[in-house]
Amino acid sequence: MRIKTDAAATAATVSGTGRRSTGRTFFAVAACLLAASLTVQAADLAEIEKRGTMKVATEDDYAPFNYIVDGKPTGFHADMLEDLRKYAKFKVQQDILPWTGLLAAVSAGQYDVAFTGALVTDDRLKTFDFTPPFASAQHYYVKRAGDGRLGDIPTLSGKTVGVQAGSALLARLPELEKMLAKSGGKLGEVVQYQSYPEAYADLANGRLDYVVNAVISVNDLVKARPKVFAKGVAVSGNGFAAWPIPKGNPALLKFMTGFMDHERQSGRLAELQKKWFGESFPDLPTVPITSVDQFHKLAGME
């Protein structure tokens with residue numbers, strides 16, 4: 001696999017694996033150091049019930065998960081947060097944070113749950129347990145609309161691909177490399193970008209042949225710009241978006257698993273998936289993900 005780092009790309013931010021990178025590594029590191037200085041023991045369910053408040057951290061610039069319209073939080077998580085407040089017997093307090101410091105603040109115990117579209121990764125499983133997933137994060141490729149050269153996996157052989165620097169998408173490109181090898185093909189040049197808008201711009205102007213991203217982001221892009229981009233096929237095994245909870249909080253993890261069970265069994269989860277993601281995901285795991293081995297098995301990475 002030959003990898004070229006785009007001139008604008010930077011290393012992944014401390015908490016940015018599997019998400020777009022802002023390129024502001026200094027601020028990400030500073031946020032983590034601040035969180036570390038304020039570290040407290042994460043609250044399990046009994047403490048949350050005692051104080052009467054669960055503290056969740058969200059963000060405001062990651063459509064369709066969390067974003068702002070006319071000054072008001074909207075997206076998948078805005079609807080889920082409303083449901084969580086109805087389900088819980090205590091107050092649910094939402095604080096909106098920049099993504100660069102969000103996971104660090106949760107791991108430091110300042111918040112109980114990261115209520116955002118975080119991808120499950122090997123590195124994050126060292127610090128967090130994850131609730132049952134609310135969405136697939138399987139990787140797909142996106143191409144220019146009307147590009148008839150690209151179709152199934154073998155057609156990607158030798159083509160130039162764009163991906164976010166330091167991301168979960170980049171880390172799982174070896175899966176695509178293996179898929180290509182089965183048909184006698186090979187992975188072409190890999191160009192890393194600090195943000196997906198930059199990668200999509202280069203795809204549109206012909207500097208790249210395709211870009212790899214998680215299925216929901218691909219769906220959102222193609223829906224917004226169908227005359228420019230088109231969705232390709234899956235280029236990885238499964239992946240999952242779920243809520244991270246600091247390890248050592250089994251009762252809280254059980255509570256959030258119960259909430260997910262409630263949303264799934266009532267049909268509400270499928271309703272919100274179709275509303276915000278364009279499709280439902282009926283085959284997602286229904287159990288928490290708490291170890292790397294379990295994650296790899298569920299994702300077909302064995």
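**Figure 1. Three strands form an open sheet in the order β6-β2-β7, with parallel pairing.** The model is predicted: local features need pLDDT of at least 70, side-chain atom pairs count only at pLDDT 80 or more, and totals for chains, interfaces and linings use all residues. Residues are numbered from 1 along each chain as its sequence is written, and side-chain values use heavy atoms, with hydrogens and water left out. Strands (E, at least two residues) and helices (H or I, at least four) are DSSP runs, numbered from the N terminus. Two strands pair if DSSP finds at least two bridges between them. β6 (91-96) and β7 (113-114) stand at the edges, each with a single partner strand, so one side of each has no neighbour in the sheet. Strand β2 (residues 53-58) pairs with β7 in the parallel sense over two bridges. Val113 in β7 is the bridge partner of Val56.

**Figure 2. Helix α3 (residues 76-87) and helix α9 (residues 250-266) cross at roughly 110°.** Their axes come within 11 Å; axes are lines fitted to C-alpha atoms, for helices over the stretch in contact, and angles run from 0 to 180 degrees between N-to-C directions. α3 and α9 are therefore roughly perpendicular to each other (65 to 115 degrees; under 35 counts as roughly parallel, over 145 as roughly antiparallel, the rest as oblique). In contact, meaning heavy atoms within 4.5 Å, are Met80, Asp83, Leu84 and Tyr87 of α3 with Phe255, Met256, Gly258, Phe259, Met260, His262 and Glu263 of α9. These residues divide into seven nonpolar, two polar and two charged (Ala, Val, Leu, Ile, Met, Phe, Trp, Tyr, Cys and Pro count as nonpolar, Asp, Glu, Lys and Arg as charged, and the others, Gly among them, as polar).

**Figure 3. α3 also packs with helix α10 (residues 268-277), at an angle of about 160°.** The axes of α3 and α10 are 10 Å apart. The two helices are therefore roughly antiparallel to each other. Phe76, Asp79, Met80 and Asp83 of α3 make the contact with Arg268, Leu269, Leu272, Gln273, Lys275, Trp276 and Phe277 of α10. By class, the contact of α3 with α10 has six nonpolar, one polar and four charged residues.

**Figure 4. Helix α8 (residues 215-224) is largely enclosed by the rest of the structure, because seven of its ten residues are buried.** Buried means under 20% relative accessible area, exposed over 50%, and partly exposed in between (1.4 Å probe, protein chains only). The buried residues of α8 are Val215, Ile216, Ser217, Val218, Asn219, Leu221 and Val222.
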